[in-house]
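Take a look around it first, and then we'll walk through it together.

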Amino acid sequence: MQVYHGTNTIVSKPEIRIVGYAKDFGYGFYCTRLERQAQRWAVSKRNPHIVCVYEYEEDPTLNIKHFSIMTDEWLDFVVACRHGEIHEFDIVEGPMADDQVWDYVEDYIAGRISRAAFWELVKFKHPTHQIAFFNDKALQTLTYKNSYEL
């Protein structure tokens, strides 16, 4: 499977960096199957806007968590990771809580909306995808192919 990483530099050797705030699935190296989404990630960074392309080959010996769609389990997992809780997975793949969805997650956490209201608000969101790699063995499943500037 081909995956993309949007950034402001060529990343031929991905690495895990623990900086900034906790992301949907925790601190890791994030890619997506959706090239347009990687382009959006790239333009959110300072210049230059670069999309790196990798070949991903799943390793069945790794501990991988797949969320095919947003579910209660996904929501609870994202909330825990965004609060800095550590999980045991090498790779996690699934939908992304973009800025608008994250606003709804925060409203749910704060008790301003119910779980049912959360699901009503997010059901019309466009498809998103992310796959996050959390250690060196997981990163070995990626082979850098090329990159391009937007």
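Let's begin with Asp76, which is partly exposed at 38% relative accessibility (buried means under 20% relative accessible area, exposed over 50%, and partly exposed in between, with a 1.4 Å probe and protein chains only). Before going on, note that this is a predicted model, where local features need pLDDT of at least 70 and side-chain atom pairs count only at pLDDT 80 or more, while totals for chains, interfaces and linings use all residues. Residues are numbered from 1 along each chain as its sequence is written, and side-chain values use heavy atoms, with hydrogens and water left out.

Asp76 has a partner: its side chain meets that of Arg115 in a salt bridge, 2.8 Å from N to O (that is, a side-chain nitrogen of Lys or Arg within 4 Å of a carboxyl oxygen of Asp or Glu). Because Asp76 sits in helix 2 and Arg115 in helix 4, the pair ties together parts that are 39 residues apart in sequence (helices, H or I with at least four residues, and strands, E with at least two, are DSSP runs numbered from the N terminus). Arg115 is partly exposed too, at 24%.

Where they meet, Asp72, Trp74, Leu75 and Asp76 face Arg115, Phe118 and Trp119 (contact means heavy atoms within 4.5 Å).

Helix 2 itself is largely enclosed by the rest of the structure, because eight of its eleven residues are buried. Among them are Trp74, Phe77 and Arg82. Just after this helix, Gly84 takes a positive phi of about 90 degrees.

Now for the inside. The largest nonpolar core has 21 residues, and Phe25, Trp74 and Phe118 are among those touching the most other members (such a core is a set of buried Ala, Val, Leu, Ile, Met, Phe, Trp, Tyr and Cys residues joined through side-chain atoms within 4.5 Å). Helix 2 gives the most to this core, with six residues. Apart from it lies another core, of 16 residues, including Cys52 and Leu142.
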